[in-house]
Amino acid sequence: MVVLKNYLTKTVTLGIMGNTKHAVKDVSLILQIPVSRCSEECEKGSARRPYRIYKCCFECEVCPKDTYINHSADPYSCLQCEKNEWSDAGSTSCTERSVDYIHITEPLSVLLMLSVSFMLFLAAAIAILFARNYSTPVVRSAGGKMCFLMLGCLSGSGFSVFFYFGIPNPIQCVLRSSFFPLFYTVCLSCLTVRSFQIVCIFKMAAKLPKAYDWWVKYNGQWLFIAVASTVQLILCAVSAPRPFNDTVTFKDQIIMNCDTAGFLPISATVLFAGFLSVLCFIFSYMGTDLPKNYNEAKSITFSVLLFFFSWITYFTLYLIHASRNLPIIRAFSMLTSSYGILLSYFVPKSYVILFKPEKNTQAHFQSCIQDYTQKISRM
């Protein structure tokens, strides 16, 4: 201190004697002397960290998000918030997260439930109509007993939507994830088999009689449905979800959801259903020249396009947009896929039964088959 005092006295004396320029330069050198890091005080939300290799000197570091610092207790450590808490970077305390899930009273939930209820009602009405007209050509050409299996599976896939509301539990997570792909696969398998059988009867039975006889003898249609359903059941078992608290999507919320074990397992079940849709589409277009009563190309094309559009939309949003409503969007995709088959395949046949009874006769069907046979013989 004595040396510094003498130096300052000398500098001031020089200034008085006229050497002002040198005096100012010397004073600026004094002002540029670095401050000791050992005594540096950190701002709120920052912790003191050792400076380089010097154990007694420190620098300030802002605490990252989801951590906080208590200067009075420990100014050197950023403490981790609890799982049900959050904080911004540079915080001195944590805030409790709000818990959120899909409530049954939300507008989207109400709309979804009304849509499912209408689909279940429509499927039940069609089943009753088909049962009362079971012996008619329209019902028999649509698949007969297989129609009731398809309608039941469509109802089951739609009913799975009800498990998307409320706080998820293990059973609810499994049901919401497995009901749709499993039931929808059975329905698609029936539709694929029906399209294949029509093509077989009109185009392949005469060319491949042994293969056709084997198909009929060993109930090939039910064997195909069983194999497809088993494969989908295995995929559903592999991707079985469990309750999961999402603390990543939103910093201040805990989203109660079902963990679907990643993107690939959930997409595998949908891709397998998509494979069956494409297979069904191929068989239906192989029969585009068949009589109108047996040509399902338009209805199957509509249902397949609706299926792919709805699920491409869901997976796009899943990959690029984080939202608490993703389960609702998935439920809408499921419902749209089920509606596609119900509206394109069953509703037109119900319309013929109710309003076009003249087209629901054996004579009309035989006439269509004769016209097709004559057309083929002329080619």
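User: Which side chain makes a polar contact with D100?
Analyst: The side chain of R324 does, at 2.7 Å. A polar contact is a pair of N or O atoms within 3.5 Å; within protein, one must be able to donate a hydrogen and the other to accept it, and residues adjacent in sequence count only if both atoms are side-chain atoms. This is a predicted model, where local features need pLDDT of at least 70, side-chain atom pairs count only at pLDDT 80 or more, and totals for chains, interfaces and linings use all residues. Residues are numbered from 1 along each chain as its sequence is written, and side-chain values use heavy atoms, with hydrogens and water left out.

User: Is D100 buried or exposed?
Analyst: D100 is buried, because its relative accessible area is 13%. Buried means under 20% relative accessible area, exposed over 50%, and partly exposed in between (1.4 Å probe, protein chains only).

User: Where is D100, and what does it touch?
Analyst: D100 is in strand 7, residues 98–100. Strands (E, at least two residues) and helices (H or I, at least four) are DSSP runs, numbered from the N terminus. Beyond neighbours within four places in sequence, D100 is in contact (heavy atoms within 4.5 Å) with Q253, I254, I255, M256 and R324.

User: Helices now. At what angle do helix 5 and helix 11 pack?
Analyst: About 155°, with the axes 9 Å apart. Axes are lines fitted to C-alpha atoms, for helices over the stretch in contact, and angles run from 0 to 180 degrees between N-to-C directions. Helix 5 and helix 11 are therefore roughly antiparallel; angles under 35 degrees count as roughly parallel, over 145 as roughly antiparallel, 65 to 115 as roughly perpendicular and the rest as oblique.

User: Which residues of helix 5 meet helix 11?
Analyst: Among them are C147, L154 and S157, and the helix 11 side includes M334 and S338.

User: Tell me about S157. Buried or exposed?
Analyst: Buried, since the relative accessible area of S157 is 1%. Leaving out neighbours within four places in sequence, S157 has contacts with F179, F180, F183, Y184, M334 and S338.

User: And how do helix 10 and helix 11 cross?
Analyst: Their axes come within 8 Å and cross at roughly 175°. So helix 10 is roughly antiparallel to helix 11.

User: Last one: how far is R48 from E59 in space?
Analyst: 5.6 Å, C-alpha to C-alpha, although R48 and E59 are eleven residues apart in sequence. R48 lies in strand 1, residues 46–51.
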